[in-house]
Amino acid sequence: MTALTRQDIGRLLARQGILFAFVAFMVAFTLANGRFLAPDNVMGVIRSSAILGVMALGVTFVVISGNLDLSVGSMMSFSTIVVLDLHDKIGPALAIPAMFALTMCLGALIGFLVGYLRLNSLIVTLGMLSAIYGLTLTWSGGKNMDIADKAGTWFGVFGQSSVLGVPVPILMFGGLAVVLAFMLAKTPFGRKVYAVGGNGVAATFSGIPRARIVFLCYVLSSFCVATAGLMQASRSMGSQNTVGQGLELSVLAAVILGGASLMGGSGTIFKTVIGVLILGFIQNGLLLVGLQFYVQYVVTWVIIILAVWLDIAVKRGRLWSPIA
Amino acid sequence: MTNVTLTTLLKRGAIWGFILFELIFFSVAGEFMSLSNKAFMDIDNMLLLLKQSAPIGIIAIGMTVIMINGNIDLSVGAIYALCAIVLLDSLNWPIMAGLGDWAIPLAWLLALLTGAGLGAINGLIVWKTGVDAFIVTLGSMLGFRGLVFMYNGENPTSHLNWTLVDFAEAQVFGLHTATWFLLAVTAIMWFVMHKTVHGRNAYAIGDNRAAAVNAGIRVGPHMLINFIMIGVLAALSAVVFYSESGSVNPNDGQLYELWVITAVVLGGTKLTGGAGSIIGTFGGVIAIQLLRKGLGHIGADTQTVSLVIGLILIAVLFLDRQLNRKGKEELRI
């Protein structure tokens, strides 16, 4: 009986462990610095995590379907540069849909290569990381992009304004998270994403069109990337070509921290949001305590390993791996 | 039967055929498009190309072993930077000043030991916790980079030692020091992978881990050794490069993991493990460097290089899939 209870506690820890870790962090940082939980600080952290968060939402779908996406950072640079460039040429009302269309074409291309041609997603997106970066530089000619008339455009609403005291990036992140959480948990498409990632062969034999589901996951991911690019462009009204560089790995770290397995088939939008917020709050908390920004790298490292280790340790029922 | 051999031959020779194609293409195209009068196939140009291949190439040889073993290492760029800092900073220590030129081999040793230690950390975590190598090294890529910054803040670390620079710039039989290191590493690792028990076991583990376990191969120690090896090779790469340059920024080595993986995949090594060759990777490294240099020679911008390399990587993957249609990968999703 006792053993069972202990097992139950272990299960609970593993299933919601990331939530407990999150709470523990919040308490510790609040004790260390009273300003940590002040509303404006909390709002600031969520706001600065929103761009990473929106990208992580899309990557969650890709990861659950059993694939990887390393191209999101480079794709985000692309959409930022494109929308800024088109803004001055055809106006914001046309630039935004054009940018979404172009970015989602790239997503569709990756989806085609990984879904229909069944190429390895790690290498395809690695190649696309490089190729899209080249495309971005070709588009911009290597120069920074700036909106000429920053005061005379409504383009800044997505990054700079607030509604009822809540900054628009937070609303966009929150809104997208709710919609995608519903899509993943409550619609047939969402179920199929889990099925394809959990056991692709079984899913195929059950009549689930694996290729199409993977394709749609990448298109969805590119939609999220385009949204993130829009938020980034709107916030800064100007950008370098390398604005998204390296973000793909932070995004992946947030998704993994949220507990999605890289093997596919597990993970939720809610957990990814928690993963994103943990990264954001750790960064902020360590800065408030007075540590340098790079300490967060080391802390993130330890947390990622511990989180994933705990997760699989409970699943296999023992702490150390059975590898001889 | 002949068909099979032909396919195998085609696959093995593909990277060398590609290199030959690049050489011909850039030589011919260079005649019309180059801004300089110098020929692309100039001997000095080619020697320089080999030298410039060395930093990525030495790490790529190690990555080949890791990938044959069925793992991946994303932390090589951070290990490279941290070892470079240890190398240059240790030369500034007061104890080292008293040693004269003997400080140099000692600093090299320290850097290599650092690389071995960092590799061992990765290997032990992969072995003992059973967490996927991709996640472990993604984490340590961040963590080691954090250590790089903690060592010396955001300042560059530098040390100028003329003996060191002379050594790094020396040319023996026409080849630069860095090239010799690359060739030696390639030869040694080829020997390790093809003529030792460890190499055979690494292939066996990557090809079918369950079968390897049943055959009595201890998987863990082999993975640990491989991670230590790539740590040492990343350190060696840093030693070769920073002996000459003498100054390291905390952001150095970023994106190296991507370049290295690209070279290894171009060389024909499978991500799924069990297949791949050291010599193929050597070809992959040369092919990428040729492409960068050649595109520069015919006046293309850096953006074209990124674009072309990305597309070639995907094309290689596609061709490889076409040539290996049948087999177990078809069912794996």
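Apart from neighbours within four places in sequence, Gly259(A) is in contact with Ile18(A), Gly267(A), Lys271(A) and Asp311(A), two residues being in contact if their C-beta atoms, placed from the backbone, lie within 7 Å. The structure is a predicted model, in which local features need pLDDT of at least 70 and side-chain atom pairs count only at pLDDT 80 or more, while totals for chains, interfaces and linings use all residues. Residues are numbered from 1 along each chain as its sequence is written, and chains are lettered from A and ligands numbered from 1 in the order in which they are written.

Gly259(A) is located in the loop between helix H11 (247–257) and helix H12 (269–289) of chain A. Helices (H or I, at least four residues) and strands (E, at least two) are DSSP runs, numbered from the N terminus. A residue counts as buried if 20 or more other C-beta atoms lie within 10 Å of its own, as exposed if 12 or fewer do, and as partly exposed in between, with C-beta atoms placed from the backbone. Between the C-alpha atoms of Gly259(A) and Ile213(A), which are 46 residues apart along the chain, the separation is 22 Å.

Among the buried residues of H11(A) are Leu247(A), Glu248(A), Val251(A) and Leu257(A).

Two other loop residues of chain A were examined for their backbone angles. Most residues other than glycine have a negative phi. Arg118(A), which is not glycine, has a positive phi near 60°. Arg118(A) sits in the loop between helix H4 (92–116) and helix H5 (121–140) of chain A, and with 17 other C-beta atoms within 10 Å, Arg118(A) is partly exposed. Leu164(A), also a residue other than glycine, has a positive phi near 50°. The loop that holds Leu164(A) runs between strand E2 (162–163) and strand E3 (166–167) of chain A. Leu164(A) is exposed, with 5 other C-beta atoms within 10 Å.

Helix packing was described next. Two packed helices are described by the angle between their axes and the distance between the axes. In chain A, helix H2 (residues 39–64) and helix H10 (residues 210–236) pack at an angle of about 175°, and their axes are 8 Å apart. Axes are lines fitted to C-alpha atoms, for helices over the stretch in contact, and angles run from 0 to 180 degrees between N-to-C directions. H2(A) is thus roughly antiparallel to H10(A); angles under 35 degrees count as roughly parallel, over 145 as roughly antiparallel, 65 to 115 as roughly perpendicular and the rest as oblique. The residues of this contact comprise 16 nonpolar, 4 polar and no charged. Here Ala, Val, Leu, Ile, Met, Phe, Trp, Tyr, Cys and Pro count as nonpolar, Asp, Glu, Lys and Arg as charged, and the others, Gly among them, as polar. The residues that meet include Ile51(A), Val54(A) and Phe61(A) in H2(A), and Leu220(A), Phe223(A) and Met231(A) in H10(A).

Chain A as a whole contains 13 helices and 4 strands. Its radius of gyration is 20 Å, close to the 20 Å that the globule rule gives for 324 residues, so chain A is as compact as a globular protein of that length. The radius of gyration is taken over C-alpha atoms, and the globule rule is 2.2 Å times the number of residues to the power 0.38. Of the 324 residues of chain A, 52% are buried.

Chain B has 14 helices and 4 strands. For the 333 residues of chain B, 48% count as buried. The pLDDT, which is the predictor's confidence in each residue from 0 to 100, averages 85 in chain B, with 92% of the residues scoring at least 70. Over residues 326–333 of chain B the pLDDT is below 50. Where pLDDT is low, the predicted coordinates should not be read in detail.

For the complex, the predictor gives an ipTM of 0.81 and a pTM of 0.86. Between the chains, 44 residues of chain B are in contact with 43 residues of chain A. H6(B) gives the most to the side of chain B that touches chain A, with 14 residues. That side of chain B divides into 27 nonpolar, 12 polar and 5 charged residues.
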